[in-house]
Amino acid sequence: MRVGVITFPGTLDDRDAARAVIAGGAEAVALWHADADLKNVDAVILPGGFSYGDYLRCGAISRFAPVMKLVIEAAGKGMPVLGICNGFQVLCESHLLPGALTRNSDLHFLCRDQEIEITNTQTAWTSSYSVGQKIVIPLKNGEGSFQCDDETLAQLEGEGRVIARYVGQNPNGSRNLIAGISNARGNVVGLMPHPEHAIDALTGPTAEGLGFFTSILNAMVK
Amino acid sequence: MALDTVAIAQTTPDDIQPFAQLGLKADEYARIKEILGRRPTSSELAMYSVMWSEHCSYKSSKVHLKQFGDKAPKSDALLVGIGENAGVVDVGQGYAVTFKIESHNHPSFVEPYQGAATGVGGIVRDILTMGARPVAVMDPLRFGPADAPDTRRVLPGIVAGVGGYGNCLGLPNIGGEVIFDETYAGNPLVNALCIGVMKHSDIKLAKAAGAGNLVVLYGAKTGGDGIGGVSVLASETFGSGGSTKRPSVQVGDPFVEKVLIECSLEIFAEDLVVGIQDLGGAGLSCATSELASGGSGGMKVALDKVPLRDPSLSPEEILMSESQERMCAIVEPEKLARFLEICAKWDVTVTAIGEVTDGDRLIITWNDQVIVNVPPRTVAHEGPVYNRPMAQPAYIDDVNSQVVQLPIPSSAAEIRATVLQLAGTPNLADKSWVTSQYDKYVQGNTIQSQPDDSGMIRIDEKTHLGVAISTDANANWSYLNPYQGAKLALAEAARNIATAGARPLAVTNCLNFGSPEDPGVMWQFAESVRGLADGCLEMGLPVTGGNVSFYNQTGAVAILPTPVIGVLGVIDDVRTRTPMSFDVAGLDLYLLGDTHADLAGSEWAFMHGQRVGQSPTADLGREMRLIEVLLAGREEKIFSAAHDLSQGGLSAGLTEMVLRHSVGATITLADVGISLLSESPGRVIVAIEASKTDALSTLAAKYHITLSKLGTTGGDSLIINDAVISLAELRTAHTATFPKLFG
């Protein structure tokens with residue numbers, strides 16, 4: 001099982017994501033933003049960071065990277081794609097996921113250990129969890145407030161596509177406490193908090209983020 | 001303005017030049033003429049003015065800093081010492097760690113966000129320049145009174161700048177300080193520390209060797225920002241009502257720096273450079289003259305080849321610009337093609353601007369006309385040296401002869417009120433409002449970060465080798481006794497890393513003071529350096545480098561003498577570190593060390609506006625024995641937790657421990673007021689299981705460290721004698737302060 005991890009200029013959590021892929025039991029394959037092929041990977045992760053500095057809207061430039069054309073194509077055919085933080089922003093800008101991530105409601109960058117509740121375990125990236133399971137993983141971003149119009153929100157909720165919600169006080173003003181969503185098919189997932197920083201209690205708040213990276217193995221076995 | 005060339009300078013010896021506006025004194029200008037045998041060209045004048053600034057030349061501090069070399073202890077760990085961009089120490093298993101701290105004080109007052117951001121950017125490039133991957137940053141910060149209106153302008157901007165730049169580079173921020181005092185109003189201190197990791201064989205130095213090798217400039221284009229940053233901004237006292245000097249502040253682009261880091265590490269990995277230097281303070285003037293003097297001295301540069309953001313810049317401005325995110329490498333001609341390829345991969349602008357020559361002159365041309373022809377050592381290393389007058393200031397005898405007179409709590413109600421008050425006072429309150437704006441998780445190797453006693457980073461994922469680092473200063477003690485203050489800060493930083501079980505290895509420092517032209521300030525500085533050098537010799541810790549920041553004063557008011565000391569240590573297995581607090585009930589709490597009535601310079605005295613008395617005297621022999629107890633206790637698995645006591649004494653130490661995992665404690669104290677408030681140095685709280693009592697007693701006795709029982713862990717309150725403080729109210733007191741002040 002080969003999981004690609006894309007590095008854009010300005011990507012920061014690529015090595016962390018690769019480490020998590022390996023900890024989950026798969027092979028991590030480095031993909032470069034300018035690559036013209038996906039190197040036969042079975043799944044792709046878009047890691048966190050500040051691609052191209054995020055001086056424009058976050059992710060607005062990355063969506064035009066050559067590798068994204070291939071990712072969009074593969075996602076359309078059902079390849080599992082996970083976007084974490086900046087990766088989630090790129091997926092929204094690429095229209096693989098609806099909505100947008102805007103500045104945190106208090107306008108500050110926020111790094112903290114965040115409790116989230118897994119609300120959908122039918123996706124390629126969440127099957128290792130149980131519905132209602134609460135986990136603590138790091139949240140760290142300046143633009144993590146999920147926004148969309150009422151119609152989209154109703155659709156996301158109606159189709160069960162909210163895959164995780166913040167527990168307790170809303171950390172950033174996201175609508176309906178949304179921490180992550182999926183596409184209709186469930187192969188593309190965007191998540192604001194960082195499971196790759198919670199694969200080992202030595203370096204993270206918990207090891208409870210590992211499930212995202214073991215889920216992908218289940219998806220392949222099916 | 002017409003181009004001023006060497007040829008013109010030779011024929012117009014009497015032209016009047018603006019040396020004073022550039023920050024040079026008349027005798028310094030005369031010396032430049034003597035060196036060159038003619039008047040300098042305007043470009044040469046620009047170079048000398050920035051390189052001979054206090055910030056770059058250390059002209060007032062050099063005679064004192066010599067002690068770090070003269071009194072250097074024997075150390076097997078030191079691989080690269082003072083003089084390079086940063087010191088390098090051997091941490092075992094073939095790894096070398098480089099670390100350094102620098103100030104960016106004045107720019108951060110003028111423009112808080114950019115000043116702080118580029119402070120981080122500059123120190124990170126210093127670490128990168130040594131050949132290392134930067135792995136963490138830390139930021140000791142000092143501000144005017146927490147409730148002052150200007151602090152509300154400066155602090156949020158500085159915090160956002162530190163976070164904005166560091167977060168975007170992907171560097172975890174693992175600690176620092178946030179301290180308030182009225183002397184920092186108008187002179188906030190922004191000190192930035194960076195740590196980098198490499199293999200021994202990867203160490204790079206700033207030298208231009210080998211005639212015919214190319215001088216290659218890469219990274220951001222040069223703009224008009226930060227011109228004269230080191231001279232007109234960093235090396236002068238702020239006057240009242242003067243210009244704001246905003247154009248002298250650099251503007252940072254962290255994305256470019258992130259790309260520059262990855263690009264440089266790829267270039268280093270393929271061994272494509274002979275020497276390398278970053279462009280920081282004094283920009284190209286510094287990089288070219290330092291690289292040339294690091295080699296045989298000869299270098300030729302075509303300044304018109306420098307890529308510009310603003311094409312209207314004059315050669316003088318290009319030489320003085322402190323535009324960020326630039327590096328200068330010395331590259332063998334046959335390796336240039338590969339160098340350019342890697343830069344192209346990362347979309348980094350790169351230009352060969354000159355070459356190393358056989359001579360001993362640095363020659364810079366502009367459209368083929370020679371505008372600079374100097375011996376580079378005279379620019380980079382042979383600047384003026386001042387033995388400035390110094391005198392013990394009058395206040396010293398005055399404050400030392402007084403005794404602190406403070407209310408000492410004794411009743412249960414008084415103890416409750418005191419502990420809650422200390423928990424919420426800005427200097428001791430929870431700093432999450434600040435640190436939650438910093439990414440502490442990126443890179444996945446952070447083992448400890450704020451509010452732990454020290455920051456700790458894993459450097460090998462297989463062997464679990466790690467390093468710990470702490471920065472400390474107690475300016476109140478330094479004010480009362482600068483010699484002791486520096487020693488005590490050194491001891492505290494070393495103790496903070498030993499508390500977790502890391503063995504102290506080496507020291508860096510950032511010496512923040514007022515104007516060196518004030519004999520009293522100069523005396524404070526000299527005493528601090530003497531204290532630090534003596535302390536390092538006694539503790540066997542080499543000083544690997546550092547930074548001096550003078551002129552931190554507005555008008556006649558200087559900041560408190562603030563020597564910030566950083567100590568780096570190594571731990572063989574980060575998994576076995578001693579944590580800062582306990583998460584279970586039923587443990588016994590002990591105090592290691594002696595408590596005296598040390599209230600002078602304490603937080604309790606500060607809160608009551610009293611800065612008088614005599615600072616404690618550092619007993620470094622005892623500190624070293626305490627460190628051995630802490631290291632042995634970790635190795636023998638005696639401690640469940642250990643926490644250093646410093647500002648706020650036992651009261652603050654207990655508050656931080658019980659709140660960490662929300663497990664309370666019941667404490668019994670004789671002489672309760674002094675026990676809670678004293679800040680006697682060399683003390684650590686440890687938590688142990690009852691079965692370890694004998695082992696702890698044996699260990700303490702072996703190293704002659706006083707051991708006394710404090711109480712036990714458990715419950716949902718902090719109980720001190722008959723005073724009961726619920727964790728809920730303690731947490732509220734501790735955490736409410738910053739959000740209330742800063743929103």
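## Confidence

The predictor assigns the complex an ipTM of 0.95 and a pTM of 0.95. Chain B has an average pLDDT of 94. In that chain, 97% of the residues score at least 70. Where pLDDT is low, predicted coordinates should not be read in detail.

## Chain B overall

Chain B contains 27 helices and 28 strands. Its radius of gyration is 26 Å, close to the 27 Å that the globule rule gives for 743 residues, so chain B is as compact as a globular protein of that length. The C-alpha trace of chain B spans about 85 × 55 × 45 Å along its principal axes.

Of the 743 residues in chain B, 63% are buried. Take the contacts in chain B between residues at least 6 apart in sequence: 85% of them join residues at least 24 apart.

## Contact between chains A and B

Chain A gives 22 residues to the contact, and chain B gives 23 residues. On the side of chain A that touches chain B, helix H1 (14-24), strand E6 (110-118) and strand E7 (134-141) are the elements that give two or more residues. E6(A) provides the largest share, three residues. By class, this side of chain A has nine nonpolar, eight polar and five charged residues.

## Strands E6 and E7 of chain A

E6(A) and E7(A) pair with each other. The pairing is antiparallel and runs over eight bridges. A:Arg112 stands opposite A:Leu139 in E7(A). Six of the eight residues of E7(A) are buried, so E7(A) is largely enclosed by the rest of the structure.

## Helix H25 of chain B

Helix H25 of chain B covers residues 693-702, and its buried residues are B:Leu696, B:Leu699 and B:Ala700. These residues lie on the same side of H25(B), because they cover an arc of only 95 degrees around the axis. An α-helix has 3.6 residues a turn, so residues three or four places apart point the same way.

The cover over the buried residues of H25(B) includes strand E22 (588-592), helix H22 (620-635), strand E25 (684-688) and strand E26 (707-713) of chain B. The face turned away from the buried side carries the exposed residues B:Asp694, B:Ser697, B:Thr698, B:Ala701 and B:Lys702. Just after H25(B), B:His704 takes a positive phi of about 55 degrees.

## B:Arg683

B:Arg683 sits in the loop between helix H24 (672-677) and E25 of chain B. B:Arg683 counts as buried because it has 23 C-beta neighbours inside 10 Å; the cut-off is 20 or more. Leaving aside residues up to four places away in sequence, B:Arg683 touches B:Leu591, B:Leu592, B:Gly593, B:Thr595 and B:Leu645.

B:Ala302 is 381 residues from B:Arg683 in sequence. In space, C-alpha to C-alpha, B:Arg683 and B:Ala302 are 59 Å apart.

## B:Lys33

B:Lys33 belongs to helix H2 (residues 26-36) of chain B. B:Lys33 has 14 C-beta neighbours inside 10 Å and therefore counts as partly exposed. Not counting residues up to four places away in sequence, B:Lys33 touches B:Arg38 and B:Arg39.

B:Lys33 and B:Pro13 are 20 residues apart in sequence. Their C-alpha to C-alpha separation in space is 9.6 Å.

Definitions and conventions
Residues numbered from 1 in each chain as written. Chains lettered and ligands numbered in written order. Predicted model: local features only at pLDDT ≥ 70, side-chain atom pairs only at ≥ 80, totals over all residues. Contact = placed C-beta atoms within 7 Å. Helix = DSSP H or I, 4+ residues; strand = E, 2+ residues; numbered from the N terminus. Nonpolar A, V, L, I, M, F, W, Y, C, P; charged D, E, K, R; others polar. pLDDT = per-residue confidence, 0-100. Buried ≥ 20, exposed ≤ 12 C-beta atoms within 10 Å, placed from the backbone. Arc of directions from axis to C-beta. Pairing = 2+ DSSP bridges. Rg over C-alpha atoms; globule rule 2.2 N^0.38 Å.
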